[in-house]
Amino acid sequence: MNSIRQHEEITTFLKQVCREIKAKEVHKEVRTELESHLQELIEEKLSNGVDLDTAVKESIAQMGTPGVIGQQFHLAHRPRFNWGLLGVVVLLMSIGLVAIFSAQNASYRQNLSSLAMKQVVFFGIGSCLMLLIGFSNYRKLAGYSWVLYIGTIMLLSYAY
């Protein structure tokens, strides 16, 4: 059955399906599952006396459009965002802001008002960055991990 896996139309079909799936870690599983389904269909058609090329074409046609199949697999295997964690982080950040504003109201000095406004700005910037990182595929940055690590250490030593 290796000849079935090496068939050009099957590899093209599997590539088109996997192109629609954004989570690359499930590509191998999806390929294996689709290959097994295709093998069953092809073996059934071969047992009915159909030649290999025709059996492959009919089996692929019977499976459906690769774009639609890929989109369905993408919906089933897309990464989930942890909304509960986001809620806890926003709650803790809000408690911190309330504490700073209450300290500002209790104080007679004016320098705390600038601190409170800075915290509001940092709250907004931090929230935007958190959402940007949470919804992006940050695994693409793995190749730059040492550069990011050294840059972060340099920024921390500068701020210290």
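Student: Which residues form a nonpolar patch on the surface?
Tutor: This is a predicted model. In the model, the nonpolar patch consists of Val121, Phe122, Ile125, Leu129, Leu132, Ile133, Tyr138, Leu141, Tyr144, Val147 and Leu148. Together they have about 1100 Å² of accessible area.

Student: Which helices each supply at least two residues of that patch?
Tutor: Those are α7, which covers 111-135, and α8.

Student: And which one gives the most?
Tutor: Helix α7 gives the most to the nonpolar patch, with 6 residues. Phe122, one of the patch residues, lies in helix α7.

Student: Switching to rings. How many aromatic pairs does the structure hold?
Tutor: There is 1 aromatic pair. The rings belong to Trp146 and Tyr149, and their centres are 5.9 Å apart.

Student: Stacked or edge-to-face?
Tutor: The planes of Trp146 and Tyr149 stand at 90°, so the pair is edge-to-face. The cut-off for that label is over 60 degrees.

Student: Why give both a distance and an angle?
Tutor: Because a pair of aromatic rings is described by the distance of the centres and the angle of the planes.

Student: Where are Trp146 and Tyr149 in the chain?
Tutor: Both are in helix α8, residues 145-159. They are 3 residues apart there, so about one helical turn separates them.

Student: Is Trp146 buried or exposed?
Tutor: Trp146 has a relative accessible area of 63%, so it is exposed.

Student: What about Tyr149, what does it count as?
Tutor: Tyr149 counts as partly exposed, because its relative accessibility is 49%. The exposed label needs over 50%.

Student: OK, charges now. Which residues gather in a patch of negative charge?
Tutor: Glu8, Glu9, Asp51, Asp53 and Glu58 gather in that patch on the surface. The elements that give two or more residues to the negative patch are α2 (8-19) and α4 (52-63).

Student: Which helix has Glu8, and is Glu8 buried or exposed?
Tutor: Glu8 is in helix α2. Its relative accessible area is 63%, so Glu8 is exposed.

Student: One more residue. Where is Leu91?
Tutor: Leu91 sits in helix α6, which spans residues 83-106. At 52% relative accessibility, Leu91 counts as exposed.

Student: How many residues apart are Leu91 and Tyr158 in sequence, and how many Å in space?
Tutor: Leu91 and Tyr158 are 67 residues apart in sequence. In space the separation between Leu91 and Tyr158 is 30 Å, taken C-alpha to C-alpha.

Definitions and conventions: Residues are numbered from 1 along each chain as its sequence is written. This is a predicted model: local features need pLDDT of at least 70, side-chain atom pairs count only at pLDDT 80 or more; totals for chains, interfaces and linings use all residues. Side-chain values use heavy atoms; hydrogens and water are left out. Rings of Phe, Tyr and Trp (its six-membered ring) pair if their centres lie within 6.5 Å; planes under 30 degrees apart count as stacked, over 60 as edge-to-face and the rest as tilted. Helices (H or I, at least four residues) and strands (E, at least two) are DSSP runs, numbered from the N terminus. Buried means under 20% relative accessible area, exposed over 50%, partly exposed in between (1.4 Å probe, protein chains only). Patches are made of residues with over 30% relative accessible area and no salt bridge: like charges are joined within 9 Å, nonpolar side chains (Val, Leu, Ile, Met, Phe, Trp, Tyr) within 5 Å. Accessible areas come from the Shrake-Rupley method with a 1.4 Å probe; for residues, only the protein chains shown count as cover. A salt bridge is a side-chain nitrogen of Lys or Arg within 4 Å of a carboxyl oxygen of Asp or Glu. Lys and Arg count as positive and Asp and Glu as negative; His and the chain ends are not counted. The place of a charge is taken as NZ of Lys, CZ of Arg, CG of Asp or CD of Glu.
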